[in-house]
Amino acid sequence: MTGKAKPKKHTAKEIAAKVDAATTNRGGGKAGKADRSGVEKGGHAKLECPLCKVTAPDLKSMQIHHDAKHPKIPFDESKLINLHATVAEPSGTKPRPGVRGSLKK
């Protein structure tokens, strides 16, 4: 007899969560550190705050940061630093950093 009220098989939700955890780049390890720094390929963060050098992935996140951290200074999109434009495209065969990190599918 099996355990009390325990499912005998894995649920679809549990399997999907395991696949997501295995294929999503969570930013850990040596590759994650290089990706977060953005030195090689620009990293996930596209914009940089000109006042405090904090990075954000998109304009909406940067505006939320600016409203929270610099409320007395008016927000100006033209002063933001685009990190992807300043980093040269690498000529190597390494793929650009992405949210999905698996080639299994």
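Guide: Accessible areas come from the Shrake-Rupley method with a 1.4 Å probe. The model shown here is predicted. By this method, the protein exposes about 8600 Å², of which carbon and sulfur atoms supply 58%.

Visitor: How many helices and strands does the protein have, and what pattern do they follow along the sequence?

Guide: The protein has 4 helices and 3 strands. Read along the sequence, they give the pattern α-α-β-β-α-β-α.

Visitor: What share of the residues counts as buried?

Guide: Of the 105 residues in the protein, 19% are classed as buried. As for contacts, among those between residues at least 6 apart in sequence, 51% join residues at least 24 apart.

Visitor: Which residues make up the largest nonpolar core?

Guide: In soluble globular proteins, nonpolar side chains tend to be buried together. Here the largest nonpolar core consists of 5 residues, namely L47, C49, A56, M62 and L80. Take C49 from that set: leaving out residues up to four places away in sequence, C49 touches V54, M62, H65 and H70.

Visitor: Where is H66 placed, and why does H66 count as buried?

Guide: H66 belongs to helix 3, which spans residues 59-69. Buried means under 20% relative accessible area; H66 counts as buried because its relative accessibility is 6%. Apart from neighbours within four places in sequence, H66 is in contact with L51, P71, I73, P74 and F75.

Visitor: What is the phi of K53, and where is K53 found?

Guide: Most residues other than glycine have a negative phi. K53, although not a glycine, has a positive phi of about 65°. K53 is found in the loop between strand 1 (47-48) and strand 2 (55-56).

Visitor: Why is K53 described as partly exposed?

Guide: The class in question lies between the limits of under 20% for buried and over 50% for exposed. K53 is partly exposed because its relative accessible area is 49%.

Note on methods: Residues are numbered from 1 along each chain as its sequence is written. This is a predicted model: local features need pLDDT of at least 70, side-chain atom pairs count only at pLDDT 80 or more; totals for chains, interfaces and linings use all residues. Side-chain values use heavy atoms; hydrogens and water are left out. Helices (H or I, at least four residues) and strands (E, at least two) are DSSP runs, numbered from the N terminus. Buried means under 20% relative accessible area, exposed over 50%, partly exposed in between (1.4 Å probe, protein chains only). Contact means heavy atoms within 4.5 Å. A nonpolar core is a set of buried Ala, Val, Leu, Ile, Met, Phe, Trp, Tyr and Cys residues joined through side-chain atoms within 4.5 Å.
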